[in-house]
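Keep the structure in view while reading.

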Amino acid sequence: MPAPNMELIVSLAKRRGFVFPSSEIYGGMAGFWDYGPLGVELKNNVKAAWWRQMVQLRDDIVGLDAAIIMNPRVWEASGHVSGFSDPMVDCRNCKFRFRADDLKGPPSEIACPNCGNRGTLTDARQFNLMFRTQVGPLEESASVAYLRPETAQGIFVNFDNVATTSRQKLPFGIAQIGKSFRNEITPGNFIFRDREFEQMEMEFFVHPAQEDKWFTYWVAERMRWWTDEMGIGPDRLRLRAHDRDELSHYSRQTTDVEYAFPMGWSELEGVADRGDFDLAAHAAASGKSLSLFDAASGEHVVPRVIEPAMGVDRAVLTVLLDGYHEELVAGEKRVVLRIKPTLAPIKAAVLPLLRNRPELVEVAQRLTADLKRRMSATYDDTASIGKLYRRQDEIGTPFCITVDVDSLTDGAATIRERDSMTQERVALSAIPERLGALLGGEATWAGVPRGSDTAQ
Ligand code: GAP
């Protein structure tokens, strides 16, 4: 199935409260977005799935949460002050700005993509993408600081702290989730390219002799994560190795996991072999040794680093795009978000069939309260049952529970599963347990797993 167009997802995200333009009542701000009630749940679930897989289920990776603003010398040593830039071109006529590498030809020869004038584009010049700010009350050059453009440097400068306090031996990793900021020349494609975004990055430190082996391992492991843990269709994913001339200043080799976005195959995650670039640079600039004694080889080594790095916002966009389906059910269009139940913002929705029967409403609300203790659950009686189902399908709720008049006598209710739309009658008292087992991957629905034991 072709990817849905971006407009459908932008509209669903706005209409249902996943993502809003930032400061919308003032006209918004390009490259900044706010996550609404459903969006924050989805985003938290994506982050939890990554953290669980990368940190909690492994013995060889530990977590970190470093400050966004660091000593500016970090960014000098890392090469970002001198090298973290994109080539930018201005139009002298309409004042629009473009990334030179997005233009189809040399600026002097082509028409401005915005106003169409020829001969008005300037030559390309390098534009540093880091946001600058001031720290402290004095506005002087000594107080200049940067909002981090990647979370990775917080990990490198803490390498020694973590290595000595966590008793890790090579190979081991440090993982971090947090905000990053880039003054992108052309933010766009909804939450694909933002100026404020979140990253999930892991730096895996290895003995130099094992660099290639671990690079190969992480490329394969990250691809597996996207299909198995995120549920993204394998036919819309591919791996692409960077050509030498597109490698970042720190990279020896990089392979991207790409997704078939509506605007074409684009980077979802990068797995980079950063060699010893960062540790060596920080050791030289700070004067602190960032080597480690490797008991296995009996040597002191500056470890090499393999880095899987991805954007949370891009992951959320991918989950929405990949999960979006339209189908005809009894002659009517049904929009259903077929996302992994573990990622769904709401796991269970309790829907009473008759909202004017107080005893029925009471049973349904009691069930909702029971469910809320185990999972994100909601109660809704504000429309007909058909409409209530559609509402939940559209936001990916894997299970709806209908409480009907028979529930008052048989003490049971009907669970309806989102993808198959098949139903099961289950005792009210057993429903939280049944759904918990389905979501936790310990039970199946008509023989098909509906959850995962790796993310809740
Ligand atoms: N530490 C390495 C690093 O930052 P990157 O390829 O520049 O590498 C890693 O970024 C990931 O962060 C990308 O694969 C993408 O998912 C996400 N990302 C980068 N820039 C972004 C932006 N402007 N908006 C949203 N996500 C972005």
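**Backbone, core and charge pairs**

Q: In this predicted model, does Ala 330 count as buried or exposed?
A: The cut-off for exposed is over 50% relative accessible area. Ala 330 reaches 82% relative accessibility, so this residue counts as exposed.

Q: Where does Ala 330 lie?
A: Ala 330 is not a glycine, yet has a positive phi of about 50 degrees. Most residues other than glycine have a negative phi. The place to look is the loop between β17 (324-329) and β18 (332-337).

Q: What is the phi of Asn 189?
A: Asn 189 is found in the loop between β9 and β10 (196-206). With a relative accessible area of 38%, Asn 189 is partly exposed. Its phi is positive, in a residue other than glycine. The value is near 55 degrees.

Q: Which form, cis or trans, does the peptide bond from Leu 170 to Pro 171 take?
A: Pro 171 sits in the loop between α6 (159-166) and β9 (172-181). Most peptide bonds are trans. The bond from Leu 170 to Pro 171 has omega near -5 degrees, and is cis.

Q: How many helices and strands does the protein have?
A: The C-alpha trace spans about 75 × 65 × 50 Å along its principal axes. Among contacts between residues at least 6 apart in sequence, 64% join residues at least 24 apart. The secondary structure comes to 13 helices and 25 strands.

Q: How many residues are in the largest nonpolar core?
A: Of the 456 residues of the protein, 53% count as buried. Phe 18, Trp 50, Trp 218, Trp 226, Met 230 and Leu 317 have the most contacts inside the largest core. That core has 56 residues.

Q: Which residues does Phe 18 touch, not counting residues up to four places away in sequence?
A: Phe 18 is one of the residues with the most contacts inside the largest core. Its partners include Asp 34, Tyr 35 and Gly 36. They also include Leu 320, Leu 337, Pro 345 and Ile 395.

Q: Why does the salt bridge of Arg 125 and Asp 90 tie together parts that are apart in sequence, and how many residues apart are they?
A: The two side chains meet at 2.5 Å, N to O. Arg 125 lies in strand β6 (residues 125-128) and Asp 90 in strand β4 (residues 85-90), so the pair ties together parts that are apart in sequence by 35 residues.

Q: Which helix holds Arg 224 and Asp 228?
A: Their side chains meet in a salt bridge at 3.6 Å, N to O. Arg 224 is partly exposed at 27%, and Asp 228 is partly exposed at 39%. They are four residues apart, and so about one helical turn separates them in helix α7 (residues 211-229).

Q: What is the N to O distance in the salt bridge of Glu 359 and Arg 357?
A: Glu 359 is partly exposed, at 35% relative accessibility. Arg 357 is partly exposed too, with a relative accessible area of 30%. Their side chains meet at 3.0 Å.

Q: How do α10 and α13 lie to each other, roughly parallel or oblique?
A: Helix α10 (residues 358-372) and helix α13 (residues 431-439) pack with their axes 9 Å apart. Leu 367, Asp 370 and Leu 371 of α10 meet Ile 431, Pro 432 and Leu 435 of α13. The angle is about 40 degrees. Angles under 35 degrees count as roughly parallel, and α10 and α13 are therefore oblique.

Terms used:
Residues are numbered from 1 along each chain as its sequence is written. This is a predicted model: local features need pLDDT of at least 70, side-chain atom pairs count only at pLDDT 80 or more; totals for chains, interfaces and linings use all residues. Side-chain values use heavy atoms; hydrogens and water are left out. A nonpolar core is a set of buried Ala, Val, Leu, Ile, Met, Phe, Trp, Tyr and Cys residues joined through side-chain atoms within 4.5 Å. Buried means under 20% relative accessible area, exposed over 50%, partly exposed in between (1.4 Å probe, protein chains only). Contact means heavy atoms within 4.5 Å. A salt bridge is a side-chain nitrogen of Lys or Arg within 4 Å of a carboxyl oxygen of Asp or Glu. Helices (H or I, at least four residues) and strands (E, at least two) are DSSP runs, numbered from the N terminus. Axes are lines fitted to C-alpha atoms, for helices over the stretch in contact, and angles run from 0 to 180 degrees between N-to-C directions. Angles under 35 degrees count as roughly parallel, over 145 as roughly antiparallel, 65 to 115 as roughly perpendicular and the rest as oblique.
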